[in-house]
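Here is a short report on one protein model and its ligand. Look over the sequence and the structure before reading on.

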Amino acid sequence: MASELSLTDVVAGYGRAAPVLRGFDVEVPAGKIVCLVGPNGAGKSTVLKVAAGLLAPREGAIRIGDREVTRQGPQARLAAGVSLVLQGHSVFREMTVAENVLLGGYTLRDKAVLAKRAAFVKEVFPVVADRWGSLAGLLSGGQQKQVEFARSMMVDPKVVLLDEPSMGLDPKATSTIFDQVVRMRDAGTAVLLVEQNARRALETADLGCVLDLGRVHISGPARRLLADPQLGELYLGASAPLKGHP
Ligand SMILES: Nc1ncnc2c1ncn2[C@@H]1O[C@H](COP(=O)(O)OP(=O)(O)O)[C@@H](O)[C@H]1O
Ligand SMILES: [Mg+2]
């Protein structure tokens, strides 16, 4: 079966500057969490922008299932099943949780479908159900992130793209967020997860991919990447001393 989402040989960047991605590949299979790791400024958010149709690649191809969507913009990508949750906070604080979540379903014309999706996301994200009528601004940072997750799931996406969802959260909220990412996968949505909290993200993910210098440095089962000693030193913040350097 084709992956839900694939980027092949992608070259992409900004303006006239040298490209940030220089032949980048990633595949997000159905039912899997793929974690994208890499140093600050490596181009992780750029990968998500290219996947969501916010940035057109200079070269390469993007496919959703077996359909090529390289030249399609963000609305068409969303309609085809790719939903993006941006870095930082994007809830409307003066609106209720319900209004924030239902915004994600603005393309759903059929009221019955909308109601069914709302019931579904309330099941996946209990805090969304509990605080349905509250102003979103009254929720904690971690709860607001779950409102964003719920909003992204309204269209019944094939893949969600999550850009550093644990950023700025305390350890307990971070834990909840990673649990909810697993619930999204178990609810049938593949996930491409970008995280600065690389070790924790790889412990949660099925597959991992390390981006460095515009290309895939290494990819494979997340467990294997976690066990790779070289990766630990370079990317995972391990404190093991470098061999041969007393
Ligand atoms: N809108 C933009 N215009 C110009 N350069 C950008 C823009 N966004 C990101 N960049 C540059 O692209 C590179 C990769 O950025 P980004 O994808 O945000 O990295 P990461 O998410 O891995 O930290 C950086 O050098 C950054 O400065
Ligand atoms: Mg980023």
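## A charged patch

Asp9, Asp25, Glu27 and Glu59 form a surface patch of negative charge. Patch residues have over 30% relative accessible area and no salt bridge, with like charges joined within 9 Å. Asp and Glu count as negative. Each charge is placed at CG of Asp or CD of Glu. Glutamate 59 belongs to strand 4 (residues 59-64). Strands are DSSP runs (E, at least two residues), and helices are too (H or I, at least four).

This is a predicted model: local features need pLDDT of at least 70, side-chain atom pairs need 80 or more, and totals for chains, interfaces and linings use all residues. Residues are numbered from 1 along each chain, chains are lettered from A and ligands numbered from 1 as written, and side-chain values use heavy atoms, without hydrogens or water.

## Around the ligand

Residues around ligand 1 (a heavy atom within 4 Å) include Tyr14, Val20, Pro39, Lys44 and Thr46. Alone, ligand 1 exposes 560 Å², and the protein buries 55% of that. Areas use the Shrake-Rupley method with a 1.4 Å probe.

## Salt bridges

There are four salt bridges (a Lys or Arg side-chain nitrogen within 4 Å of an Asp or Glu carboxyl oxygen). One joins arginine 117 to aspartate 156, with the closest N and O atoms 3.5 Å apart. Arginine 117 is in helix 4 (residues 111-124) and aspartate 156 is in the loop between helix 6 (141-153) and strand 7 (159-163), so the pair ties together parts 39 residues apart in sequence.

Terms used:
Patches are made of residues with over 30% relative accessible area and no salt bridge: like charges are joined within 9 Å, nonpolar side chains (Val, Leu, Ile, Met, Phe, Trp, Tyr) within 5 Å.
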